[in-house]
Amino acid sequence: MLTNPEKKHLIASSVLFGILSVWLVLSSPVAAEYADVVLNKRAEKEGMRPVIFSHWFHRIRFRCKVCHSELAFKMRAGANEVTMADIIEGRFCGMCHNGEVAWSVENCDLCHSGKPGLESQIKGSHETGGPGIW
Amino acid sequence: MSKGLNRKGCGWRRRVYSFCVAVGLPVLFAGAVYATGQWVPLAEDDLHDPDNPAIKLLQEPREALSELPFDYPGNQVNWVRALEEGFINPRTNIYPGSEIRVLDLDILMTRVGDQGYVIFPHKQHTEWLDCSNCHEEIFASKAGTTPVTMMAILEGRYCGRCHGAVSFPLSECARCHSKHPHSTGYGLATQAWPPTGAPKMAE
């Protein structure tokens, strides 16, 4: 036998349930994919959109060691001095985006795809809100 | 079911109650299903410029990631399982001569306060990474000598160099703190600690 306060409790919790689930549905994250990197030290100053590099796309095809050991990309957003001249000469992104491993540099807009005004950074990092040293 | 609720003439309260359950539970269920695997379209991710004509040529995260073993945090992909179970087979090298080093050695880390012990598995890491990505710059090659603390990890050092940036984020305490100090098994495995046999280099 349920007493009145118990029923109220049940009603209240099912209403809460409902609200919670609506909130769950509506609160779909509007955020970049985890581990996307923005490279924008020079691009925008020279009239191009910032560059977006996505880890999720590349790690399906390559293990970390390919880029961070063989190709010697430093593991810190903004630490690599990447220039377009380097890329065309086959360094950094140009080690693959050379028409052999992947499509070549003439597809400017595939790399230069960021919104204007973005800073060089990695997205979704340190989600726990630690101080962050970068 | 309680008798009280089945009593005749219980009135509006009963109706409100059944309505809430009838609506609330399915909505909750639908919400849970819907929230499982949400990848933001590129044009809405606040990063890609929707006015870039080439944006349509880029692959949408959902298209690729929804095919892989699901996990809640990060890319919503369990990358370890994706690799182990053969969903993906990323290249290990570009240059033919590169040495591929894989090490099967677990390290038990016990300076954890009241948390579970940390098991650091070399196997799962060296499938992705080379020794030089961690040794000697981030970690010394001698168990117990690197002064790792949780605070430093949260600042993006040690494990936090990758976890919280590219690998699964730091909210997943139990995936690192996976061994209860008083149990004989660790993680979900039934193996006893310490593992028997000398560390072996695979491949």
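This is a predicted model: local features need pLDDT of at least 70, side-chain atom pairs count only at pLDDT 80 or more; totals for chains, interfaces and linings use all residues.

Here is what I'd like to cover: the cysteines, then the cores.

Cysteines, then. How many disulfides does a search of the whole structure find? The count is 0, over all chains. A disulfide needs the two sulfurs within 2.5 Å. C108(A) is also partly exposed, at 38% relative accessible area.

Now chain B. Take C159(B). The closest cysteine sulfur to its own is in C176(B), at 6.1 Å. Again, that is too far for a bond. C159(B) counts as partly exposed too, with a relative accessibility of 23%.

On to the cores. In soluble globular proteins, nonpolar side chains tend to be buried together. The largest nonpolar core here has 13 residues. Which of them have the most contacts inside it? They are I60(A), L65(B), L68(B), W79(B) and I88(B). Three helices each supply at least two residues of this core: α2 (55-61) from chain A, plus α3 (61-65) and α4 (79-84) from chain B. The largest share comes from α4(B), with 3 residues.

Look at L68(B) for a moment. Set aside its neighbours within four places in sequence. It is then in contact with I60(A) from chain A, and with V77(B), W79(B), F87(B) and I88(B) from chain B.

Methods:
Residues are numbered from 1 along each chain as its sequence is written. Chains are lettered from A and ligands numbered from 1 in the order in which they are written. Side-chain values use heavy atoms; hydrogens and water are left out. Buried means under 20% relative accessible area, exposed over 50%, partly exposed in between (1.4 Å probe, protein chains only). A nonpolar core is a set of buried Ala, Val, Leu, Ile, Met, Phe, Trp, Tyr and Cys residues joined through side-chain atoms within 4.5 Å. Helices (H or I, at least four residues) and strands (E, at least two) are DSSP runs, numbered from the N terminus. Contact means heavy atoms within 4.5 Å.
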